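Biologist: I am new to this structure. Please walk me through it, feature by feature.
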Amino acid sequence: MKKVITGNHAVSYAAKIARAEVVAAYPITPQTQVVEKISSFCADGEMEAIFIKVESEHSACAATIGASAAGARAFTATSSQGLALMHEMLHWAANARVPIVIANINRAMGPPWTIWTDQNDSLSQRDTGWMQIYCEGNQDVLDSVIQAFKISEQVSIPSMVVLDAFFLSHTSEPVDLPEQKLVDKFLPRYEAKWKLDIGNPHTFGGLTGPDRYYELRYNLQKDFIRSVKVIDKVQAEFKEMFGREYGRVEPFMADDAEVLLVVSGTIASTAKQAVLDARKAGFKLGSLKIRFFRPFPQDLVQKHLAGKKSVAVIDRNYSFGSEGIFYSEVKGAMFDQPHIPIYSYIAGLGGRDVAVKDILGIAELAKAGKCDNPTWWGVKL
Amino acid sequence: MSNKYEVKITGAKDMPPMAASLGKMLYNLTGSWRNIRPVVIPEKCTACSLCWKFCPDFCINIDGDFPVIDYDYCKGCGVCAQECPSEAIVMEEETK
Amino acid sequence: MKTTIPKEELVSSGHLACQGCGATLAMRYTLKALGPNTIYTIPACCWSVIDGPFPYTSLAVPLYHTAFETAASMASGIKAGLTIRGKGDINVVAWAGDGGTADIGIQALSGMVERGDNVLYVCYDNEAYMNTGIQRSSSTPVGAWTTTTPPPHFKKELKKDLVAIMVAHRIPYTATGCIAYPEDWIKKVEKAISIVGPKFLQILATCPPGWKISSEISIEVARLAISTRKWPLYEVTDGKYKFTRMIKKFQPVSDYLKVQGRFRHLTEEEIDVIQLQAEENWAELCAKAGIENEFAAQLAEYTEKVKAHHPQWFKVEE
């Protein structure tokens, strides 16, 4: 069934269709509609879930972890300052190996106060041990939340589904809501292998010395490596059941591209238009969208960047004191590969618009090999 | 130390994904902590069970007519001797 | 042998508590009242360590270790997860120290209680951040030495009144307890779990290293806290106050203070002030319980005494 809905409501519908059983959430612009819709689903009886109106995001993440530890499918949503406030518990969730899913609306960090989009909030959390999926459109958002539960529950690693503030969260697009019966088949009831169970009591998270902690972390990374096959399998199953194809990356006219843009989020969507416009004008532009940032798709980045004349990474983020974050990771993935020029362009921090003309401008610079590594596109000096 | 409560973990493959307990702390013989030990004088005992009630290591057995200390776990805190209303428990130097 | 409390143990020997640990007795008694139909969550505190290292545990019930601030919020989540799966009858207990309750954990506690979540929150109060080496918390009593309140900067602020805070949240049931009176405590735990909704219990738990006492008088000192009325035993049910142990005979707080090294530095005048504070606290509780204060004379006596010597760090109403 198709509905014209905002990205936020796509999240809400996904939580409902995925049969999230416990949602513990705290409001923050621009996430509020996510939880308001979930609240009304619960109140109307459309969603059989307990909604815990927690008193902060830190508590939201804690309560979500608790519900998952007790064996229920648990979910929350947040943004920016809220995600930052959850930081300690994000580590907790990953290390406790609970398969919770968080939808994060990418909103720039303050101060100064801002509500517009950039990726520093979610990317700041990249070391916490969560999977991260960067969405391009509202259908992507809905489908990613559903897939995330399935992947997380198979590898016991929590997932973060990320969408741009306002460009997706508040923008309406036609979204196909999959049939509940089919989703139930795709994503059966969560049955935790390790949980709080009076019939089989365990203590979780007890003091662990250097002689054992190391192996627990080794196991987490081992499961991240295992997750790559699981992700590909889940995406294949999703395509078979619902007809929509997703990848850990998505190339667009990339094979013969002279300049390859590496993009994510809504910039990836705009980039497609830029690619089409460039091609019309005889410029062989292409793009590679990175959808899964964690686990980082090294293999696929190496595959698609191989032999390219010029690669332009557009980062809507910055790791201050270092580099654009996607740029760093792409560069790292290509280190052992035959050298190709990779250029770093920063754009769109704090929600500044990145339009087709901006992307074409960046592409022209990359074509000419012009980059200050990084170039802050459009900065008014 | 090695006793019947020991959980053997050789490496990553033996571990649950998260740190989940696999055995009981009975493995840890805290009797090695003490410098003094409680000694029961059965003739003085009035079977009031106060020693058992206040033992922070729950290592006093009162199934019989007078308390029996489990020296594997007794830390020698002295609470039982202090609380006994009939001086039926005295603390003595631990002899090795 | 006959006992006045249930015999079954749900916590095993071999745990890592110090000799004479009150927190361990608190846990033991609470578990006896709760039984095996129970799930615990414990934030950073002494019990994070006492339970034992991975892969071992001391508790016979499931336990989820959690971050410092999150005892109450984790418990709320666990309760919701159990309830949605049809296991809402399982007792969910947030078990935290005074630091994780009165300070860093107070937001989560307030949220849990305000929401009315069906969770039992137990604060075992050893009156400082003991696990990290005896630093002051807002539950440290006036006059105490801690590593962060070394004399002459001993703690001047009154002990944070958590029960009053809980009553202000209109909590269905809250009560104080003491390790020296396990029968009283067990009754309170049993009453608490018979109520659907949030419950808050606070048990005074002696800490020999932190209070600077020899381990064998651990219970004796806890008993003195009660007999000197430094720590009243009472419960509040739907806003109605009731003493559960009435003290009839006057015993000066100095009997309690002088056996503890953490109060050794106090002068006679400072002890008088602490006596006055204890009398004021007792008088306030009597008023709330709607009973006559049998120590009104002492309240008057110490009010005059303290007014007379005005220690600089204590404000006296003229």
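Biologist: Is helix 1 of chain C mostly buried or exposed?

Modeller: First, the ground rules. This is a predicted model: local features need pLDDT of at least 70, side-chain atom pairs count only at pLDDT 80 or more, and totals for chains, interfaces and linings use all residues. Residues are numbered from 1 along each chain as its sequence is written, while chains are lettered from A and ligands numbered from 1 in the order in which they are written. Helices (H or I, at least four residues) and strands (E, at least two) are DSSP runs, numbered from the N terminus. A residue is buried if 20 or more other C-beta atoms lie within 10 Å of its own, exposed if 12 or fewer, and partly exposed in between; C-beta atoms are placed from the backbone. Now the case: 13 of the 13 residues in helix 1 of chain C are buried.

Biologist: What span should helix 1 of chain C have?

Modeller: The expected span is 1.5 Å times one less than the number of residues. For the 13 residues of this helix, 22–34, that gives 18 Å, and the end C-alpha atoms are 18 Å apart, which agrees. After the helix comes C:Gly35, with a positive phi near 80 degrees.

Biologist: Which residues other than glycine have a positive phi?

Modeller: A:Ser80 is one of them, at about 40 degrees. A:Ser80 sits in helix 4 (residues 80–96) of chain A. It counts as buried because it has 27 C-beta neighbours inside 10 Å. C:Glu127 is another, with phi near 70 degrees. C:Glu127 belongs to the loop between strand 5 and helix 6 of chain C. It is buried too, with 26 other C-beta atoms within 10 Å.

Biologist: How do I read a sheet? In what order do the seven strands of chain A come?

Modeller: Strands of a sheet pair through backbone hydrogen bonds, either parallel or antiparallel. Two strands pair if DSSP finds at least two bridges between them. Here the order is 3-2-4-5-7-6-13, in an open sheet with mixed pairing. Strand 3 (50–52) and strand 13 (292–294) are the edges, each pairing on one side only. Inside the sheet, strand 2 (residues 22–24) and strand 4 (residues 74–79) of chain A run parallel, joined by two bridges. A:Val23 faces A:Phe75 in strand 4 of chain A.

Biologist: What about contacts? How many residues of chain B are in contact with chain A?

Modeller: Two residues are in contact if their C-beta atoms, placed from the backbone, lie within 7 Å. By that rule, 10 residues of chain B are in contact with 17 residues of chain A.

Biologist: Which residues have the most contacts inside the largest nonpolar core?

Modeller: A nonpolar core is a set of buried Ala, Val, Leu, Ile, Met, Phe, Trp, Tyr and Cys residues joined through C-beta atoms within 7 Å. The largest has 249 residues, and A:Val145, A:Val262 and A:Ala312 have the most contacts inside it. Leaving aside neighbours within four places in sequence, A:Val145 is in contact with residues including A:Val11, A:Val101 and A:Val161.
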